[in-house]
Amino acid sequence: MVKLENINNISLSDSVINLDHGDPTAYEEYWRKIGDRCTVTIRGCDLMSYFSDVNSMCWFLEPELAEAIKELHDAVGNAATEDRYIVVGTGSTQLCQAAVHALSSLAGTQPVSVVAAAPYYSTYVEETTYVRSGMYKWEGDAWDFDKKGPYIELVTSPNNPDGTIRETVVNRPDEDEGKVIYDFAYYWPHYTPITRRQDHDIMLFTFSKITGHAGSRIGWALVKDKEVAKKMVEYIIVNSIGVSKESQIRTAKILNVLKETCKSETENFFKYGHEMMKNRWEKLRGVVKESNVFCLPKYPEAYCNFFGKTLGSYPAFAWLGTKEETDLVNELRRHKVMSRAGERCGSDKKRVRVSMLSREDVFNVFLERLADMKLIKSIDL
């Protein structure tokens with residue numbers, strides 16, 4: 001058995017590196033420097049009940065976490081929390097499923113069509129087709145959707161996989177016919193300028209992509225409508241009988257540290273994350289520019305209310321492409337780089353999604369292998 005502390009010492013020169021998933025291990029160094037400030041001690045007699053707050057609609061939501069969520073959004077200025085119900089889930093994946101279930105169960109006519117504008121987060125397809133529910137049905141690309149009847153549009157902004165800022169696409173005049181779920185997993189200052197305080201009926205957030213603590217499996221939804229929130233809570237009760245209290249307490253502790261340090265010059269996590277992501281994107285664009293193989297999207301600059309200046313976007317994923325009829329996922333695989341095929345995201349084989357959130361040594365090996373692939377002329381989109 002390989003000891004955990006020796007894993008990072010193993011040579012990566014001949015290893016397959018997996019950048020298909022978005023495992024956010026890039027932030028480990030920051031949290032290592034923070035030390036014990038995020039340490040939580042839980043005794044054997046603590047947190048034994050199912051219930052957190054019997055007077056709350058979401059009775060398994062720890063009050064400490066609810067308060068930390070509100071305060072962090074207020075400090076960052078990225079989402080409105082007043083006059084909303086907070087629903088906690090086992091990551092935003094469960095919350096997205098809960099929201100689709102809630103909206104479709106209240107629609108009256110079923111099955112409800114579920115769409116997202118391509119390129120879209122590939123897991124949306126799996127989430128809406130896996131259980132073969134009669135309440136809703138995946139209808140694919142929102143750009144092509146023209147079916148009559150109730151529908152749910154999933155909007156991810158910044159978008160996963162291509163990092164663009166998104167709004168709704170379907171936009172029918174009958175507001176009662178269409179509902180929207182906004183996934184703001186990446187609407188944080190280290191990925192994109194915070195241009196406004198988002199204010200929508202259903203907004204999803206995930207702990208993993210803010211801080212890198214994917215193993216805690218915590219997400220939350222900010223929901224305006226009481227009946228929708230109730231249906232979401234019912235779904236989570238049936239699905240998992242609530243959410244781990246240990247994870248919630250840890251999350252609350254870390255979110256409080258984020259809030260306390262977000263104006264600091266030396267400990268600001270968002271500043272640290274922004275500089276790291278900017279550095280990685282500059283290196284990647286440098287390799288692409290010198291190569292004759294790849295292309296990358298360009299992102300406009302915008303004024304960031306959090307940082308108080310105009311900044312660029314540095315998405316969590318690179319939407320890598322070529323202009324030739326090349327199966328890019330297989331080309332990368334030949335160079336021992338695993339990526340997510342564009343076809344899974346509603347695009348084509350000339351595109352792949354590559355995680356920018358790996359450990360530094362893995363990211364550097366990725367750049368080296370990318371530089372060795374010289375097959376076609378590169379372009380900027």
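Where is the place of Pro111? Pro111 sits in the loop between helix H3 (91-105) and strand S3 (112-116). The model shown here is predicted. In it, the bond between Gln110 and Pro111 is a cis peptide bond. Its omega is about 0°.

A cis peptide bond also links Ser157 to Pro158. Here omega is about -5°. Pro158 belongs to the loop between strand S5 (151-156) and strand S6 (178-183).

Next, turn to backbone angles. Arg132 is not a glycine, yet its phi is positive, near 50°. Look for Arg132 in the loop between helix H4 (123-129) and strand S4 (136-141). Is Arg132 buried or exposed? Its relative accessibility is 77%. Exposed means over 50%, so Arg132 counts as exposed.

Arg217 has a positive phi too, of about 55°, and is likewise not a glycine. The loop that holds Arg217 runs between helix H5 (207-211) and strand S8 (219-223). Arg217 counts as partly exposed because its relative accessibility is 34%, and that class lies between the 20% and 50% cut-offs.

Now move to the nonpolar cores. How many residues has the largest nonpolar core? It has 111 residues. Those with the most contacts inside this core are Trp31, Val87, Trp220, Met232, Phe270, Leu284 and Phe366. Helix H8 (residues 269-290) gives the largest share of the core, eight residues.

Where is Phe306 found? It is in the loop between strand S10 (302-304) and strand S11 (309-311). Why does Phe306 count as buried? Its relative accessibility is 9%, and buried means under 20%.

Pro189 and Phe306 are 117 residues apart along the chain. Their C-alpha atoms are separated by 6.9 Å.

Methods
Residues are numbered from 1 along each chain as its sequence is written. This is a predicted model: local features need pLDDT of at least 70, side-chain atom pairs count only at pLDDT 80 or more; totals for chains, interfaces and linings use all residues. Side-chain values use heavy atoms; hydrogens and water are left out. Helices (H or I, at least four residues) and strands (E, at least two) are DSSP runs, numbered from the N terminus. Buried means under 20% relative accessible area, exposed over 50%, partly exposed in between (1.4 Å probe, protein chains only). A nonpolar core is a set of buried Ala, Val, Leu, Ile, Met, Phe, Trp, Tyr and Cys residues joined through side-chain atoms within 4.5 Å.
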